[in-house]
Amino acid sequence: MPPLEEPCKFQAFMNPTFRRRFSSTMMVFLWALFLVSFMASFFTFIRPAPRSSSWHKNVRSSARIGRPNGISVLVTGAAGFIGSHVSLTLKTRGDGVVGVDNFDNYYGRSLKQTRRELLGLNGVYIVDGDINDRRLLSVLFNTVEFTHVMHLAAQVGVQYAVKNPYAYVRGNIASLVTLLEQCKSADPQPAVVWASSGSVYGAQNKVPFSETDRVDPPTTLYASTKKTGEEITHTYNRLHGLSITGLRFFTVYGPWGRPDMAYFSFIKNILQGKPITVYRAKNQVDLARDFIYIDDIVKGCVASLDTSGKSTGSGGLKNGSAPYRIFNLGNGSPVTVPTLVTILEENLKMKVTKDVVDICGDGDDSLAYVNISLAERELGYKPKTDLQTGLREFVKWYLWYYGNPLVQNRSD
């Protein structure tokens with residue numbers, strides 16, 4: 001689904017004839033970009049980086065399993081919002097966890113560095129590196145026999161794709177292939193759980209969204225890369241016996257979240273006494289989104305790891321069929337954006353001026369409503385945090401971490 005603040009420049013995607021032409025053209029464009037990006041990655045990272053004895057010691061220590069029948073997990077994007085929460089949860093229950101993150105500057109490095117420090121205090125070591133670096137992945141897999149990979153690293157956002165489409169191809173497609181190539185060659189092969197996105201459903205009118213729905217055509221470059229990722233993972237599952245689970249996340253929120261998300265800008269503007277922009281459909285219907293609290297998402301991620309099943313190949317050779325799964329991870333209960341703003345106002349005991357603007361496009365994208373019955377049945381996934389409770393926890397964290405922006409200015 002489109003983000004909460006999608007601009008008018010995407011209106012052309014809503015024309016059905018254009019979308020049909022765009023779908024095939026976009027796939028050709030994506031694969032061309034992928035080849036360029038993949039070759040660039042090959043030549044960029046051709047030289048092996050030396051690793052000190054302390055580096056290997058830290059990686060092995062972090063990967064050490066501390067419970068019976070525990071797992072050893074490589075978490076990509078471990079300094080990110082979801083990645084940091086998943087890493088901490090796994091380590092707390094006694095699993096081995098090694099993180100990797102390139103600490104890009106998409107929304108600033110400070111918050112990621114703070115998450116890294118928090119994880120370090122809890123025994124999780126995060127390697128500062130790029131998963132497009134084949135040599136780095138090779139060293140990691142030679143140092144630790146990972147039983148699972150939790151692939152959460154990605155280039156996110158919609159607007160940034162207009163300025164830098166190559167970042168999405170490199171961050172969401174080329175890096176995925178690089179990681180899967182390493183996983184397929186490992187002996188034993190790990191099971192792979194990775195982050196797809198609810199955005200692959202595009203602007204279709206059918207709700208609730210179900211895993212069996214067609215997802216053609218994607219309406220943003222970000223969604224295109226995630227849809228391409230689903231096709232790529234299916235190929236590696238079929239050809240190389242990798243156990244693959246794709247998770248279609250919806251609007252995840254909570255403490256330590258991403259500053260580029262709408263609810264972040266809402267609370268910041270409320271505290272600064274600035275107006276906020278609230279979009280609605282052209283038929284005067286308030287936009288509704290499937291907001292899911294971070295703790296509930298983490299439970300879905302961990303359950304996906306625990307139920308992933310085993311990969312069936314070694315050294316790239318398939319010895320039998322392996323599980324391939326796609327799950328929606330949302331709340332299953334959409335809430336309107338004005339309701340979210342009202343809850344923030346109540347928690348802050350402040351009011352804000354709302355500038356209501358009609359969203360562009362002819363499709364009925366006013367409602368993002370997800371069917372989570374498959375995840376409930378297969379993963380035991382049951383979201384428990386309502387929006388009031390989740391936003392209360394987020395506000396408490398925000399005021400603790402950032403303070404009142406009128407009093408102190410803490411960079412992201």
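In helix α2, which spans residues 53–63, the buried residues include Trp 55, His 56, Val 59, Ser 62 and Ala 63. These residues lie on the same side of α2, because they cover an arc of only 135 degrees around the axis. Ser 53 and Lys 57, on the other side of α2, are exposed. The structure described here is a predicted model.

The strands β1, β2 and β3 belong to an open sheet of seven strands, ordered β3-β2-β1-β4-β5-β6-β13, in which the pairing is parallel. At the edges stand β3 and β13 (324–329), each of which pairs on one side only. From one strand to the next, the twist averages 20 degrees. The parallel pairing of β2 with β3 extends over four bridges, and Gly 99 is placed opposite Ile 126 of β3. Helix α3 lies across β1, β2, β4 (148–151) and β6 (244–249), and runs at about 165 degrees to β1.

The largest nonpolar core comprises 77 residues. Those with the most contacts inside this core are Ile 82, Met 150, Phe 249, Ile 297, Leu 340 and Trp 397. With residues up to four places away in sequence not counted, Leu 340 touches Tyr 263, Phe 266, Phe 291, Leu 387 and Leu 391. Another core, of 28 residues, lies apart from the largest one; among its members are Leu 74, Phe 141, Phe 146 and Ile 173.

Methods: Residues are numbered from 1 along each chain as its sequence is written. This is a predicted model: local features need pLDDT of at least 70, side-chain atom pairs count only at pLDDT 80 or more; totals for chains, interfaces and linings use all residues. Side-chain values use heavy atoms; hydrogens and water are left out. A nonpolar core is a set of buried Ala, Val, Leu, Ile, Met, Phe, Trp, Tyr and Cys residues joined through side-chain atoms within 4.5 Å. Buried means under 20% relative accessible area, exposed over 50%, partly exposed in between (1.4 Å probe, protein chains only). Contact means heavy atoms within 4.5 Å. Helices (H or I, at least four residues) and strands (E, at least two) are DSSP runs, numbered from the N terminus. The arc is that of the directions from the helix axis to the C-beta atoms. Two strands pair if DSSP finds at least two bridges between them. Axes are lines fitted to C-alpha atoms, for helices over the stretch in contact, and angles run from 0 to 180 degrees between N-to-C directions.
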